[in-house]
Amino acid sequence: MSGGQRSLLKKKLQVPESLCSDHCLPGTRKVSNSRIYSCCYDCVQCSPGEISNTTDSETCLKCSDLDWPNEKKDRCVPKLQEFLSYTDDTIVLVISLVSTTFSFFTFTIIIIFILYQDSAIVKANNRSLSFLLLVCIMLSFLCVFLFLGRPVDLTCVLRQVSFGILFSVAVSSVLAKTIMVCIAFKATKPGSSWKLWIGRKWSNSLVIFCSSIQVMICMGWLILAPPFSELDTLSYQGKITVQCNEGSVIGFYSVLGYMGVLAAVSFLIAFLARTLPDSFNEAKYITFSMLVFCSVWIAMIPAYLSTKGKYMVAVEIFAILTSSAGLLGCIFFPKCYIILWRPELNSRTHLLGKSSKVHF
């Protein structure tokens, strides 16, 4: 028997393969569409998060929490990790530039105040509180960098504690300055007992007292449930969000709440003192600064709760930059205007005069 005859006989003896459907490729699974014929089936794509790496697979395999299927769904690949990266996000470059620029402006104002520290506009309403407030504002601009880059446990702790304490010291300084404006006006009346309350020790004691409460809140937060870094694998499909877990939600909102109480009290006192008859009434500018400060943080809370991942961090950064810029611009830009461009108004006689007004 020749070779061709043997091959023909082998084909005749071979059992025919019964198929009514094509083979299912990797990335799909077989789903029977007939109760009678097992060879009839449909090829269905694997569900999100699952793969199949063999032909005619009847089941799909689920990827781990750290992995995600590739486009063909025939193998698992590591998920993309998302955070505010210095290399991949343009918004980080913008935030860094804005933070650095405002820090430089604040440092420049500090230098101006040092050079003109003996002038009337700088000495007015407690010079040491002005320097303390400027330093806190500059550090609050710089603390934004703790929110950028890949979060780790240390930066998660430092970012919340630093901004909470810095803003509390800043707002406490504003509160002390506002109270000193009211006391200074009352002390000008003949025989007034308010003269005993004028002095650095009272204003400094108020700042220390108000700030120490925030420090104790932060210490309790860090002792009971400190913030830590975590991987969020559930919020987005195919992505892992590297984020900071606040540890204690109560601790986080206690820090914000106390800061809000200080700001509200400062705004209320400054608003009531805004009509005091001075040619340069700092309470007016404190009122505007606290209005900006409170408005930003009130608007920040719903925006913060409605976002996820790195966009939640971006909202908090925006609130820090905007509120710090509000304090800087409303309180110190008018003083710098007088120091640099209207030096004739920078005198004790003019600042205490009731008839003359400063026009910008």
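**Strand pairing and helix packing**

Q: Which residue in β9 is the bridge partner of Ser 229?
A: In this predicted model, Ser 229 has Cys 244 of β9 as its bridge partner.

Q: And in what sense do β8 and β9 pair, and over how many bridges?
A: Strand β9, which covers residues 239-245, pairs with β8 in the antiparallel sense, and the pairing runs over five bridges.

Q: What sheet are they part of, and what's the strand order?
A: They belong to an open sheet of three strands, ordered β7-β9-β8, in which the pairing is mixed. The edge strands, each pairing on one side only, are β7 (80-82) and β8 (228-232), and from one strand to the next the twist averages 25 degrees.

Q: What does the model show for 91-116, helix or strand?
A: That span is 96% helix and 0% strand, and its end C-alpha atoms lie 37 Å apart.

Q: How about 206-229?
A: For residues 206-229 the content is 79% helix and 8% strand, with 35 Å between the end C-alpha atoms.

Q: OK, helix packing. At what angle do α2 and α9 pack?
A: Helix α2 (residues 90-115) packs on helix α9 (residues 309-341) at an angle of about 30 degrees, and their axes are 10 Å apart. Angles under 35 degrees count as roughly parallel, so α2 and α9 are roughly parallel to each other. Their crossing is left-handed.

Q: Which residues make that contact?
A: From α2 the contact includes Ile 91, Ile 95, Phe 102 and Phe 113, while among those on the α9 side are Leu 321, Leu 328, Phe 332 and Lys 335. By class, the residues of this contact divide into 17 nonpolar, two polar and one charged.

Q: What about α7 and α8, at what angle do they pack?
A: Helix α7 (residues 249-273) and helix α8 (residues 282-305) pack at about 150 degrees, with 8 Å between their axes. Since angles over 145 degrees count as roughly antiparallel, α7 is therefore roughly antiparallel to α8. The crossing of α7 and α8 is left-handed.

Q: Which residues are in that one, and how many are charged?
A: Phe 252, Tyr 253, Met 259 and Phe 267 are among the contributors from α7, and α8 brings residues including Ile 286, Met 290, Trp 297 and Tyr 304. The contact of α7 with α8 has no charged residues, its members being 19 nonpolar and two polar.

Q: Last pair: how do the axes of α8 and α9 cross?
A: The axes of α8 and α9 cross at roughly 175 degrees and come within 9 Å, which makes α8 roughly antiparallel to α9. The residues of this contact divide into 19 nonpolar, four polar and three charged.

Conventions. Residues numbered from 1 in each chain as written. Predicted model: local features only at pLDDT ≥ 70, side-chain atom pairs only at ≥ 80, totals over all residues. Heavy atoms only, no water. Helix = DSSP H or I, 4+ residues; strand = E, 2+ residues; numbered from the N terminus. Axes fitted to C-alpha atoms, helices over the stretch in contact; angles between N-to-C directions. Parallel < 35°, antiparallel > 145°, perpendicular 65-115°, else oblique. Left-handed = near helix turned anticlockwise from the far one by under 90°. Contact = heavy atoms within 4.5 Å. Nonpolar A, V, L, I, M, F, W, Y, C, P; charged D, E, K, R; others polar. Pairing = 2+ DSSP bridges.
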